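Subject: Structure for your review

Dear colleague,

Please find below the structure that I am handing over to you. I would be grateful if you could read the notes that follow with the model open beside them.

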Amino acid sequence: GEGGAPSFRFDCTGPDLAVTQFGVTRLLDIRKNEPVADSAGSALPEGAALMGLATDKSEPNLVPASAVRNATLGWDMTIRLPKTDPTFAGLPRAKFVTLFTTGFTLAATLDKADRRIIAAFVRQCRGE
């Protein structure tokens with residue numbers, strides 16, 4: 001993301017929707033109540049590998065995420081959701097979107113132009 005904004009990727013090419021956030025930092029292993037290092041180290045513990053799609057109109061439903069080290073800092077985390085996910089379907093009406101994690105979470109603000117683009121993507125992804 002530019003200017004510190006979060007960077008998300010929504011990939012609709014497979015049977016499910018894959019949603020990725022790049023450079024997630026300050027994660028917490030909730031099973032051990034311990035912080036997870038943002039730089040060099042091993043795999044992300046299961047207790048920290050949780051993420052959920054959320055907007056101003058929905059609450060996050062944290063689900064297990066896959067994670068790989070980001071080349072710069074933190075983790076690139078991905079969740080898979082059904083293309084019928086209600087939060088995804090509601091994106092065209094949202095004022096902000098975020099991928100809620102066990103760490104530092106920022107929201108991306110959506111304006112009318114963003115919502116038009118998102119609406120077309122959601123319709124195409126859902127086969128509407």
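**The disulfide**

A search of the whole structure, which is a predicted model, finds one disulfide. A disulfide is a covalent bond between the sulfur atoms of two cysteines. Here the two partners are Cys-12 and Cys-125, and their sulfur atoms are 1.9 Å apart. Which parts of the chain does this pair tie together? Cys-12 lies in the loop between β1 (7-11) and β2 (17-24), whereas Cys-125 belongs to helix α2 (residues 112-126), so the bond ties together parts that are 113 residues apart in sequence.

The disulfide is right-handed, because the torsion about the S-S bond of Cys-12 and Cys-125 is about 100°.

Are the two cysteines buried or exposed? A residue counts as buried when its relative accessible area is under 20%. Cys-12 has a relative accessibility of 12% and therefore counts as buried. Cys-125, at 7%, is buried as well.

**Strands around β9**

Strand β9 (residues 96-101) pairs with strand β5 (residues 50-55) in the antiparallel sense, over five bridges. Within this pairing, Leu-53 stands opposite Leu-99 of β9.

Strand β9 also pairs with strand β10 (residues 108-109); these two run antiparallel and are joined by two bridges. Which residue of β10 is the bridge partner of Val-97? That partner is Ala-108. Together, β9 and β10 form a hairpin, with six residues between the two strands.

**Two residues with positive phi**

Arg-26 has a positive phi of about 55°, although Arg-26 is not a glycine. Its place is the loop between β2 and β3 (28-29). For exposure, the cut-off is a relative accessible area over 50%. Arg-26 reaches 53% relative accessibility, so this residue counts as exposed.

Asn-33 likewise is not a glycine, yet has a positive phi of about 55°. Where is Asn-33 found? Asn-33 sits in the loop between β3 and β4 (34-35). With a relative accessible area of 59%, Asn-33 is exposed.

**Points to locate in the model**

- The disulfide of Cys-12 and Cys-125
- The antiparallel pairing of β5 and β9
- The hairpin formed by β9 and β10
- Arg-26, in the loop between β2 and β3
- Asn-33, in the loop between β3 and β4

Yours sincerely,
A colleague

Terms used:
Residues numbered from 1 in each chain as written. Predicted model: local features only at pLDDT ≥ 70, side-chain atom pairs only at ≥ 80, totals over all residues. Heavy atoms only, no water. Disulfide = S-S within 2.5 Å. Helix = DSSP H or I, 4+ residues; strand = E, 2+ residues; numbered from the N terminus. Buried < 20%, exposed > 50% of the residue type's maximum accessible area, 1.4 Å probe, protein only. Pairing = 2+ DSSP bridges.
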